[in-house]
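Dear colleague,

I am handing over the structure you will be working with. Please look through it first; my notes on what was found follow below.

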Amino acid sequence: MGLFSELRLAVPWGHIAAKAWGSQQGSPVLCLHGWLGNANSFDRLLPLLPKGFYYVAMDFGGHGLSSHYSPGLPCYHLNFVSEIRRAVEGKRWRVCFSCIFPEMVDKLILLDSAPFFLDCNEIENFVIYKRNLIEHTLQMEKLPKKPSSVISREEMLRRFLQNNSQMNEECGELLLQRGATQVGTGLTLNRDRRITLLENAFDFISREQFEYYITKLPARTLLIKANQGYHGVRRENAANKETLCFMIDKLKSVLKERFQFVEVPGNHYVHMSHPHLVAGIISSFLQSRDRIPAQP
């Protein structure tokens, strides 16, 4: 399953780019990258997964080869939920979408990812984050319209890895293949400059809200946690496991047999650097009973 095809879905602000593996007659599996990633996040994993499924990896708006959002709009996490809904509606084939549109999701797989942004120490900063998002968007609009900086491939990779301490050089190269464009002898980043710090673009919720939201999650859910991955939203809180443990305990108590938790060795990018460590777990989950229905 090494061959893939490129897809483009028209949206009001341009297009959503995606890449697909397998036959369109197979059961659909939508693959969603994380913050500042792109569809290449799954290049090394998907060839190891079972045939008989139609795997589609999207680039969210402002990431990879997808269009940037229209001027005046901030990059906000519910925009991404809307994009998923558009992709499903266009039949081109994360937790928030699964709760809002539960009838569209049969199985949910989380790769070293928290189900929601739950951090009691951050709730008090909610207003600050929202203000920062608005101010950042306005600042970006005031910047002169000039071509993106062209820098050497080596320098761009160095900066990329410097900002992603758990990523190795091979994985960094893979993401830059789709996240940057060749200009002369150098590269320019494709990323929308309005994409800012993660905490400015996502909503934090309380423990009570979390408990309510997961009651609206009927999908069978697999959470694969890397033992050296991130445990908190902010990197300085990455070693604090208390919040994640709370979420796992609640998922077990609410979803019961519909929830499966597996811990694997490795860091946040284990699905890219050592995909064989998670491929067997994911394959078993996908092929288990209550398979995802095929597209008509």
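**What was found**

The accessible surface of the protein chain comes to about 14800 Å², and carbon and sulfur atoms account for 54% of that. Please keep in mind that this is a predicted model. The protein chain has 296 residues, and 50% of them are buried. Its secondary structure consists of 10 helices and nine strands.

**Two helix pairs**

The pair α4 and α5 comes up here first. Helix α4 covers residues 153–162 and helix α5 covers residues 169–179; their axes lie 10 Å apart and the packing angle is about 115°. Angles of 65 to 115 degrees count as roughly perpendicular, and α4 and α5 are therefore roughly perpendicular to each other. Their crossing is right-handed. On the α4 side the contact is made by R153, M156, L157, F160 and L161, and on the α5 side by E169, G172, E173, L175 and L176. By type, the residues of this contact of α4 with α5 are six nonpolar, one polar and three charged.

The other pair is α7 and α8. Helix α7 (residues 207–214) packs against helix α8 (residues 242–255) at an angle of about 35°, with the axes 10 Å apart. The crossing of α7 and α8 is right-handed. From α7, the residues R207, F210, E211 and I214 take part in the contact; from α8, the residues are E242, F246, M247, K250, L251, V254 and L255. Sorted by type, the contact of α7 with α8 has seven nonpolar, no polar and four charged residues.

**Two residues with positive phi**

L36 is not a glycine, yet its phi is positive, at about 70°. Where is L36 found? It is in the loop between β3 (27–32) and β4 (53–58). With a relative accessible area of 37%, L36 is partly exposed, because partly exposed covers the range between the 20% limit for buried and the 50% limit for exposed. Not counting residues up to four places away in sequence, L36 touches H63, R191 and I195. L36 and G64 are 28 residues apart in sequence, and their C-alpha atoms are 8.6 Å apart in space.

D112 is also not a glycine and has a positive phi, of about 45°. D112 lies in the loop between β5 (107–111) and α3 (126–142). Is D112 buried or partly exposed? Its relative accessibility is 6%, and buried means under 20%, so D112 counts as buried.

**Three further positions**

A201 is found in helix α6, which covers residues 198–201. The relative accessibility of A201 is 0%, so A201 counts as buried. Which residues is A201 in contact with, leaving aside its neighbours within four places in sequence? They are W35, C75, Y76, H77, K130 and L133. The C-alpha atoms of A201 and N132 are separated by 9.1 Å, while the two residues are 69 residues apart along the chain.

F80 is found in helix α1 (residues 77–89). At 7% relative accessibility, F80 counts as buried, because the limit is under 20%. Apart from its neighbours within four places in sequence, F80 is in contact with W35, F60, G61, H63 and Y69. F80 and D59 are 21 residues apart along the chain, with 9.8 Å between their C-alpha atoms.

F101 is placed in the loop between α2 (95–100) and β5. Its relative accessible area is 22%, so F101 is partly exposed. F101 and K216 are 115 residues apart along the chain, and their C-alpha atoms are separated by 9.2 Å.

Regards

Terms used. Residues numbered from 1 in each chain as written. Predicted model: local features only at pLDDT ≥ 70, side-chain atom pairs only at ≥ 80, totals over all residues. Heavy atoms only, no water. Helix = DSSP H or I, 4+ residues; strand = E, 2+ residues; numbered from the N terminus. Buried < 20%, exposed > 50% of the residue type's maximum accessible area, 1.4 Å probe, protein only. Areas by Shrake-Rupley, 256 points an atom, 1.4 Å probe, with all protein chains shown as cover. Axes fitted to C-alpha atoms, helices over the stretch in contact; angles between N-to-C directions. Parallel < 35°, antiparallel > 145°, perpendicular 65-115°, else oblique. Left-handed = near helix turned anticlockwise from the far one by under 90°. Contact = heavy atoms within 4.5 Å. Nonpolar A, V, L, I, M, F, W, Y, C, P; charged D, E, K, R; others polar.
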